[in-house]
Amino acid sequence: MPDLRTFRPGGSRIVAYGVSVILVVLTAIIGVALPSYVTFTPFELATLAAILITVLALLHAVGRSVVRVTGDGVEVINGYRRRFVPWADIKGFAMNEGAPWPTMVYGDDERVILFAIQRSDGPYAKEAMTYLRGWVQ
């Protein structure tokens with residue numbers, strides 16, 4: 001059985017979910033701490049809720065990014081978009097100097113960013129790139 005791995009962002013995932021918790025807690029604290037004479041219309045409350053939900057959804061999109069290696073190919077989830085590319089279509093993996101994350105090249109020179117592997121994660125990113133490049137024939 002081949003060595004199959006799943007890669008997820010390290011620091012950015014911690015930051016995304018940490019900020020989400022802080023945002024919800026601060027929103028609750030501010031809501032409780034407001035003086036009783038401060039009131040919001042239903043439209044204002046709906047707007048605040050929509051903004052909070054949108055920001056939480058964007059932060060979750062960062063946290064849920066993943067690169068999953070299977071025997072058949074590579075599954076990439078960036079935010080809310082999923083791609084599966086068979087090994088036969090993958091031409092290589094590149095992490096250019098200074099780039100924050102690598103790209104996978106496949107098909108007719110198509111590229112997809114591998115957001116789950118971040119240069120800022122240091123040795124983890126280097127190990128991931130070595131592993132992925134080892135799969136390409």
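## Ground rules and overall fold

Helices (H or I, at least four residues) and strands (E, at least two) are taken here as DSSP runs, numbered from the N terminus. On that basis, the chain has three helices and seven strands. Walk along the sequence and you get β-α-α-β-β-β-β-β-β-α. With a radius of gyration of 20 Å, well over the 14 Å that the globule rule gives for 137 residues, the chain is more spread out than a compact globule. That radius is taken over C-alpha atoms, and the globule rule is 2.2 Å times the number of residues to the power 0.38. The C-alpha trace spans about 70 × 30 × 30 Å along its principal axes.

A word on the model: it is predicted, so local features need pLDDT of at least 70 and side-chain atom pairs count only at pLDDT 80 or more, while totals for chains, interfaces and linings use all residues. Residues are numbered from 1 along each chain as its sequence is written, and side-chain values use heavy atoms, with hydrogens and water left out.

## Burial and contacts

Buried residues (under 20% relative accessible area, 1.4 Å probe, protein chains only) make up 32% of the 137 residues. As for contacts (heavy atoms within 4.5 Å), take those with a separation of 6 or more: residues 24 or more positions apart account for 48% of them.

Strands count as paired if DSSP finds at least two bridges between them. Four of the strands make an open sheet, ordered 1-2-3-4, with antiparallel pairing. Its edges are strand 1 (6-7) and strand 4 (81-86), each of which pairs on one side only.

Strand 1 is joined to strand 2 (residues 66-69) by two bridges, and the two run antiparallel. Here threonine 6 sits opposite arginine 68 of strand 2.

## The hairpin of strands 6 and 7

Further along, strand 6 (residues 103-106) and strand 7 (residues 110-113) run antiparallel, joined by four bridges. Tyrosine 106 faces glutamate 110 in strand 7. Three residues lie between the strands of this hairpin, and glycine 107 has a positive phi near 55 degrees.

Aspartate 109 also belongs to the loop between strand 6 and strand 7. Most residues other than glycine have a negative phi. Aspartate 109, though not a glycine, has a positive phi of about 60 degrees. Its relative accessibility is 47%, so aspartate 109 counts as partly exposed, the class between the buried limit of 20% and the exposed limit of 50%.
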